[in-house]
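Take a look at the structure below. The paragraphs that follow walk through a ring and its charge, the ligand, and a pair of rings.

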Amino acid sequence: MTERLDAFMARANAAYYATRDPYADFTTAPEISQAFGEALGLWAAVVWRMMGAPAPVILAEAGPGRGTLMVDALRAIGRIAPTFRAALRLHLVETSPRLRALQAGCLPGAIWHDRIEQLPAGPLLLLANEFLDALPVRQFVRRGAGWTERYVAAARFVELPAAAPDLPAAEGEVVEVGEAARAVAAMLGERLAATGGAALFVDYGPELRAPGDSLQALRGRVAADPLLAEGEADLTAHVDFSAVAAAARAVGAVSQGPVPQGVFLARLGLPQRIDALARDKPPARAAALLNGARRLTEPHAMGRLFKALALCHPALPALPGFAE
Ligand code: SAH
């Protein structure tokens, strides 16, 4: 079987998330610190006020993993923004039956969907951490005056002639196109422009798109060959934030950011929250809290490579974390 890389990636990841515990292979910001989900929950509460506090409102998460982010978000919302808590209807977009079962255990009352398109109509607040990086990418290779595209056959790349992507690249260089992420942004952009709201994506990738192969497989927390161990490793690629933002803008939405995760979380008050949490804790617990916050915010850890990007209705002002 010869399969285009994006089809291979979609199939391998669907099998992976359906059968494995992804947290044996990688960890994510909400698993590192409860303050991450709390900060995103309060972000949603503030944006809801900026939207004019519509009730009811859909609070959705794409790719909720174990449900940790949303559990932390709802706890913070319940404490600080009870009117938003009462107005929100919780919707989760998740394809893996295994992860849905975990989410159901900690998020009673949620409604599940396979795709973002299936969310009911109306004002929307959508959160997504490390969702876009799991969506399939295509890879083109510069060959002479033209281009080839990468396909997968028997766990190896084969190249077939292809139409040219609009990017300068040197001979042999790989250019990635995240069509699935762009489609999500275009669909959301249209919806947000029409019926209001905002979507917050936190993910990893460079500020400006550069040529290069960023496809990565993680298995047991170490890098694996993306084409081997099909369905047994987590496949991700860098998110092309500029392409995601452009796809939403092209249909009338506004984009804000991307802002480095460290800057974004600092603006949302994460360091102060950590200090407050650590204050009355035993020294070992306090140190763990501070350590988690450092991992999320320090530039050499997750603070710079990870970024926050918002897509929203054009009438909304600068959203929390995105104002200078
Ligand atoms: N946000 C979580 C999980 C990140 S892993 C965290 O931060 O810990 C990626 C998540 O996206 C998983 O829940 C996975 O099952 C889900 N996912 C991956 N591809 C998807 C797709 N095409 N549609 C819906 N969910 C998807």
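The charged end of R150 sits over the ring of F157, 3.8 Å from its centre. A charge counts as over a ring if NZ of Lys or CZ of Arg is within 6 Å of the ring centre and within 35 degrees of the ring normal. This is a predicted model: local features need pLDDT of at least 70, side-chain atom pairs count only at pLDDT 80 or more, and totals for chains, interfaces and linings use all residues. Residues are numbered from 1 along each chain as its sequence is written, and side-chain values use heavy atoms, with hydrogens and water left out.

Now turn to the ligand. Of the 18 residues around the ligand (a heavy atom within 4 Å), Y23, T28, G63, E94 and N129 come nearest. Polar contacts are pairs of N or O atoms within 3.5 Å. The side chain of E94 has an N or O atom 2.5 Å from a ligand oxygen. At N129, a backbone N or O atom lies 2.7 Å from a ligand nitrogen.

Y23 also belongs to a ring pair. Rings of Phe, Tyr and Trp (its six-membered ring) pair if their centres lie within 6.5 Å; planes under 30 degrees apart are stacked, over 60 edge-to-face, and the rest tilted. By this rule there are five aromatic pairs. The rings of Y23 and F26 have centres 5.7 Å apart and planes at 50°, so this pair is tilted. Both Y23 and F26 are buried, meaning under 20% relative accessible area with a 1.4 Å probe, protein chains only.

How values were computed: Buried < 20%, exposed > 50% of the residue type's maximum accessible area, 1.4 Å probe, protein only. Polar contact = N/O pair within 3.5 Å; in protein donor to acceptor, adjacent residues only side chain to side chain.
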